[in-house]
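Good morning, and thank you for making time for this presentation. I would ask everyone to keep the sequence and the structure in view while I speak.

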Amino acid sequence: MTLTDNIATDDSARSIIDGPALWPAQAHTPSVLGRQLVIDRGVGSYVFTTDGQKLFDGTAGLWHANIGHAHPELAQVAFDQMRRLETYHIFARFTNDKALALGERLAALSPIQRSKVILNSGGADSIDVACKLARRHWQREGRATKKMILSREFAYHGLHAFGTSIAGLQFNRDGYGTESLVPDTARFPLHDADAIVAMVAEIGADNIAAIVTEPVQGTGGVNPPTPGYLEAVEKICRDNDILLILDEVITGFGRTGTMFAAERYGVTPDLLTFAKGVTSGYAPLGGVLVSPHIWEPFYVDSPDTPIFRHGATYAGHATASAVALANLDILERDGLVERVTELEVVLRNALDGLNARQGEVIDVRVGGLLGGITLSENLSAESIADDLIDLGYISRPLRGNSLQISPPFIVSDDELKGYIDAIETAITDRVNR
């Protein structure tokens, strides 16, 4: 007997069981089936459903559509590249011209001097590679006890094995039969550098390989760092011989008003992960920027030089790399990173006005073109996000009863103000029901 044999055969139950074959991501399935929004078209800062509804994309998809949707230049670049060479792998003696060119471009932009670039297919891949490389580094150094990976409360680092293991969102860690899919991980409280010092003392620096943190937490509720926090984390790492991994999957390529948030907040990591904004979501691509003291031992001209066993079929994908190069051209040519600094002021002013609604809005947070709104417990962020769809706007409920604000960089001042006005309207309508 299967589970479905025990489910009632009324129309609503059957619509769930007999629904689409595609399993929704990150969803309580019965809550979304039958009311999914099927997106089939995008233009600039807007997307359209198959039934014709126009929606302002206030989240830039999943934080990635920085240059907006359906940009003709990127479509043409992908077409031209596929006509020439869709891709070729970069294992051992083989590589391809576009992957090489992208590596040089990223190294030139990197906040890490003389960095090497490891390419892969996305943010979760990048975190897995960075954590593996951190542990591999210390094993190669002969310091075999340095294995622990520390991360922050409310952190999100993707859902591969390492990302799940270092997640600071407990619901992403539960249900796998063990405290941590990958052993030797631990978490410290949000914004509390003293707690990190205490944890390092308790665990022992000789047992810790790396600390991983997002400069601005995304899924955890859009939490920018408190003043001096990231600098304190970097100092703890330097003082204790611990690698600092900065997860810039969301913040990289302009989202905080600098090419990388490391520049905005004045920190230099040992490893930096990126994805999303490198192609603005037009092709799946991610990677890791690696400091010289980590990569140099793997480049020594000797038969005894160790190998770092990384690589995936689509690492350095030629078409994805060509798209990334074109995306970086557009960011620079159109001044979109600089535009983010202007939009941050507009967003901050609009959210300050919203924050005046005492009793309904608990807190607002801004870090570049990244905003979070925490609602009072009598208002559901999920319900407000649903109401916004009816008003023609997309937001997303995050941890802590918060709403996500992260539109494309091409948004106008008026569109951004209109988005925050729509959120206020949705709140007012809920309160008055």
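Two strands are said to pair if DSSP finds at least two bridges between them. With that in mind, please note that what you see is a predicted model.

I begin with the sheet. Four strands form an open sheet, in the order β1-β2-β3-β13, and the pairing is mixed. At its edges lie β1, residues 39-43, and β13, residues 393-394, each of which pairs on one side only.

Within this sheet, β2 (residues 46-49) and β3 (residues 54-57) run antiparallel and are joined by three bridges. Valine 47 stands opposite leucine 55 of β3, and tyrosine 46 has phenylalanine 56 as its bridge partner in that strand. The hairpin of β2 and β3 has four residues between the strands, and there glycine 52 takes a positive phi near 95 degrees.

On to the parallel part of the sheet: β3 and β13 pair in that sense over two bridges. Here aspartate 57 stands opposite isoleucine 394 of β13.

Let me now turn to helix α6, residues 123-140. After the helix comes glycine 142, with a positive phi near 85 degrees.

That brings me to the cysteines. How many disulfides does a search of the whole structure find? The search finds zero. Cysteine 131 is in no disulfide, and the nearest cysteine sulfur, that of cysteine 237, is 13 Å away. A disulfide requires the two sulfur atoms to be within 2.5 Å. The sulfur of cysteine 237 has its closest cysteine sulfur in cysteine 131, and because they are 13 Å apart, they are too far for a bond. Cysteine 131 is buried, with a relative accessible area of 1%; cysteine 237 is also buried, at 1%.

Finally, a helix pair. The axes of α5 (residues 97-109) and α12 (residues 318-333) come within 8 Å and cross at roughly 35 degrees. This crossing of α5 and α12 is left-handed. Among the residues that meet there are Leu102, Arg105 and Leu106 from α5, and Leu325, Leu328 and Asp329 from α12.

Thank you for your attention.

Methods. Residues are numbered from 1 along each chain as its sequence is written. This is a predicted model: local features need pLDDT of at least 70, side-chain atom pairs count only at pLDDT 80 or more; totals for chains, interfaces and linings use all residues. Side-chain values use heavy atoms; hydrogens and water are left out. Buried means under 20% relative accessible area, exposed over 50%, partly exposed in between (1.4 Å probe, protein chains only). Axes are lines fitted to C-alpha atoms, for helices over the stretch in contact, and angles run from 0 to 180 degrees between N-to-C directions. A crossing is left-handed if the near helix is turned anticlockwise from the far one by less than a right angle, and right-handed if clockwise. Contact means heavy atoms within 4.5 Å.
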